[in-house]
Amino acid sequence: MGVESIRVACKIGNWNTALKHCLELLIQGKIQGQKTSKSWIFWAENGGQ
């Protein structure tokens, strides 16, 4: 999912706040992510919570 989709789904008011939370989860190894030419995308591995 893109950051904007995550922001809306989680009812986070600010795009930068959503990105910050996603990057923190990425560092903790709870989700996967990749920087694209436009932005970041994030996903959970199969079996993830």
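This is a predicted model: local features need pLDDT of at least 70, side-chain atom pairs count only at pLDDT 80 or more; totals for chains, interfaces and linings use all residues.
On one side of helix α2, N16 and I27 are exposed, while the buried residues of this helix are A18, L19 and C22. Those three cover an arc of only 100 degrees around the axis, which puts them on the same side of α2.

**Helix α2**

- Helix α2 runs over residues 15-27, and because its 13 residues at 1.5 Å a residue should span 18 Å, the 18 Å between its end C-alpha atoms agrees with that expectation.
- The cover over the buried residues of α2 includes helix α1, residues 3-9, and strand β2, residues 40-43.
- At the start of α2, the backbone nitrogen of N16 has a side-chain oxygen of N14 within 2.7 Å, and N16 itself is one of the exposed residues of this helix.
- Just after the helix, G29 takes a positive phi, with a value of about 80 degrees.

**Two loop residues**

- S39 is found in the loop between strand β1, residues 32-35, and strand β2, and S39 counts as buried because its relative accessibility is 18%, where buried means under 20%.
- When residues up to four places away in sequence are not counted, S39 touches V3, W15 and Q34.
- G13 belongs to the loop between α1 and α2, and with a relative accessible area of 72% this glycine is exposed, since exposed means over 50%.
- Between G13 and G2 there are 15 Å in space, C-alpha to C-alpha, and the two are 11 residues apart in sequence.

**The largest pocket**

- The volume of the largest pocket is about 170 Å³.
- Helix α2 gives the largest share of the lining of this pocket, namely four residues, and α2 and β2 each supply at least two residues of that lining.

How values were computed:
Residues are numbered from 1 along each chain as its sequence is written. Side-chain values use heavy atoms; hydrogens and water are left out. The expected span of a helix is 1.5 Å times one less than its number of residues. Buried means under 20% relative accessible area, exposed over 50%, partly exposed in between (1.4 Å probe, protein chains only). The arc is that of the directions from the helix axis to the C-beta atoms. Contact means heavy atoms within 4.5 Å. A polar contact is a pair of N or O atoms within 3.5 Å; within protein, one must be able to donate a hydrogen and the other to accept it, and residues adjacent in sequence count only if both atoms are side-chain atoms. On a 1 Å grid over the protein atoms alone, a cavity is a set of points where a 1.4 Å probe fits but cannot get out, and a pocket is an open set with protein on both sides within 12 Å along at least five of seven lines; lining residues have an atom within 4 Å of a point. Grid points are joined across faces, edges and corners, and a volume is the space filled by probe spheres set on the points.
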